[in-house]
Amino acid sequence: HPPPVATDKEEQKRLLENRPDQPRHAKVLRIAIIGAPNAGKSTLSNQLLGRKVFPVSRKVHTTRCKARGVITHEDTQLIILDTPGLTNPLKAKRHNLDEAMLTDPWDSMKHADLVLVLVDVSDHWTRNSLSKEVLKCLSQFPHIPSVLVLNKVDILKKKFLLLEIATDLTEGIVNGKKLEVKSALKQDSSSSAKSPLHITRASPPESKVPGSPFGQEKNQAQEGSGLDKSSDVGDAVTVEAQEPKHHGPEDLKDVKGWPHFQEIFMLAALRGEEVDTLKRYLLMQAKPGPWEFHSNVLTNQSPQEICDNIIREKILEYLPLEVPYGVTQVTEMWEEGECGELLIMQSLLVPRESHKRMLIGRGGKVISRIAREAGQDLMNVFLCDVRLKLKVEVK
């Protein structure tokens, strides 16, 4: 079980400053998760960690800063660099975003040993091409191994589209080999049946990696997640791939995919489907090296930061677009109660009376829902009872 986060600021600080406990054959892997805003990066990070330490909401730019998550498993430590969605200066200005939102994802890439590129396959506007920001990021760090993760496959009704999406996003090349995509399903656009997916490399790799989708005999693809190694399918549709193309940053404007991914994973992060398969793969990619954090550390954020982020997430979720970005949070109380419970009181300062009314809601419904749900999330993070009180004031 993942360790809880310390409720005391000083204790968490001590843990972070503690010399890491080093096992004899310590291994480490630093993973940057990048993608367009709202692709599900924080949801995936939380699922990999086993506790919710990163804020999640349907609104874009819920993640405001780069935070680390730490997974310690036996002699291996995975460090997840949860980054804000890759955006551009124009959008950053529109959402009143900090300068750091533009630089943090690039910063994380500099420190990563492996990059996961997350794509939301349920968004039909964006799913067939990587965003310009993601392509730019990959082309500037071509030496860092990258893995394509197709997320939200459970929402995609027509599973055969995954074949087309995978081919577009990889330009038909994975790990230097041509992709052959076979499907037992006829290309019938009206069908939304779950089809077995078979994506094989034309020339199979020399070594099979246990836990890697290409090295698995079991047909997980029946759920539309994971890739299968077998190719003996009746009525197979083969998608022939082009030869690998190499891109410099200057010719990215006509490019849709990246032909240098090492693997493809298909999963549903929100439901936790296939997340373990990805986690096993990541553990196997770790290289010998000293741990950076003590094994009791789950995140480098302070308890207050986690609390602020989770409350902010709920405000983003339940209020109209313009309101949440103007809320200022002030923690008035943070102390341990008589029975060991954590007592938190926070003031939410808003610029207008109309915003205050919206945030409180009719009969106090909105604010009490925010307090209740945020309190439950915080119990999961700190593994103790949490009493959270919120009050709203016009600043």
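**Legends to the close-up views**

**View A. Leu383 sits in the loop between H10 and strand E13 (386-394).** Helices (H or I, at least four residues) and strands (E, at least two) are DSSP runs, numbered from the N terminus. This is a predicted model: local features need pLDDT of at least 70, side-chain atom pairs count only at pLDDT 80 or more, and totals for chains, interfaces and linings use all residues. Residues are numbered from 1 along each chain as its sequence is written, and side-chain values use heavy atoms, with hydrogens and water left out. Leu383 is not a glycine, yet its phi is positive, at about 55°. Most residues other than glycine have a negative phi. Leu383 counts as exposed because its relative accessibility is 52%. Buried means under 20% relative accessible area, exposed over 50%, and partly exposed in between (1.4 Å probe, protein chains only).

**View B. Lys152 also has a positive phi, near 65°.** Lys152 is a residue other than glycine. Its loop runs between strand E5 (146-151) and helix H6 (161-170).

**View C. Which residues does Lys52 contact, beyond its neighbours within four places in sequence?** They are Asn46, Ile310, Glu313, Lys314, Asp377, Asn380 and Val381. Contact means heavy atoms within 4.5 Å. Lys52 lies in the loop between helix H2 (41-49) and strand E2 (67-73). At 19% relative accessibility, Lys52 counts as buried. Its side chain makes a polar contact of 2.9 Å with the side chain of Glu313. Another polar contact, of 2.8 Å, joins the side chains of Lys52 and Asp377. A polar contact is a pair of N or O atoms within 3.5 Å; within protein, one must be able to donate a hydrogen and the other to accept it, and residues adjacent in sequence count only if both atoms are side-chain atoms. Lys52 and Ile310 are 258 residues apart along the chain, but their C-alpha atoms are separated by 9.1 Å.

**View D. The largest nonpolar core has 54 residues.** A nonpolar core is a set of buried Ala, Val, Leu, Ile, Met, Phe, Trp, Tyr and Cys residues joined through side-chain atoms within 4.5 Å. Leu44, Leu116, Leu282, Leu359 and Leu378 touch the most other members. Helix H10 (residues 365-382) gives the most to this core: seven residues. Domain 1 (9-181 + 253-288) and domain 2 (303-394) each supply at least three residues. The domain bounds come from an automatic or database domain assignment. Leaving out residues up to four places away in sequence, Leu359 touches Ile315, Leu319, Leu348, Val350, Val366, Ile367, Ile370 and Val392. Another core, of 39 residues, lies apart and includes Val115, Leu156, Trp258 and Val297.

**View E. Two aromatic pairs occur in the structure.** Rings of Phe, Tyr and Trp (its six-membered ring) pair if their centres lie within 6.5 Å; planes under 30 degrees apart count as stacked, over 60 as edge-to-face and the rest as tilted. The ring centres of Phe265 and Tyr281 are 5.1 Å apart and their planes lie at 55°, so this pair is tilted. Phe265 is in strand E9 (residues 261-266) and Tyr281 in helix H7 (residues 275-285), 16 residues apart. Both Phe265 and Tyr281 are buried. Trp334 and Phe382 form an edge-to-face pair, 6.1 Å centre to centre with 85° between the planes. Trp334 lies in strand E11 (residues 328-336) and Phe382 in helix H10, so the pair ties together parts 48 residues apart in sequence. Trp334 and Phe382 are buried too.
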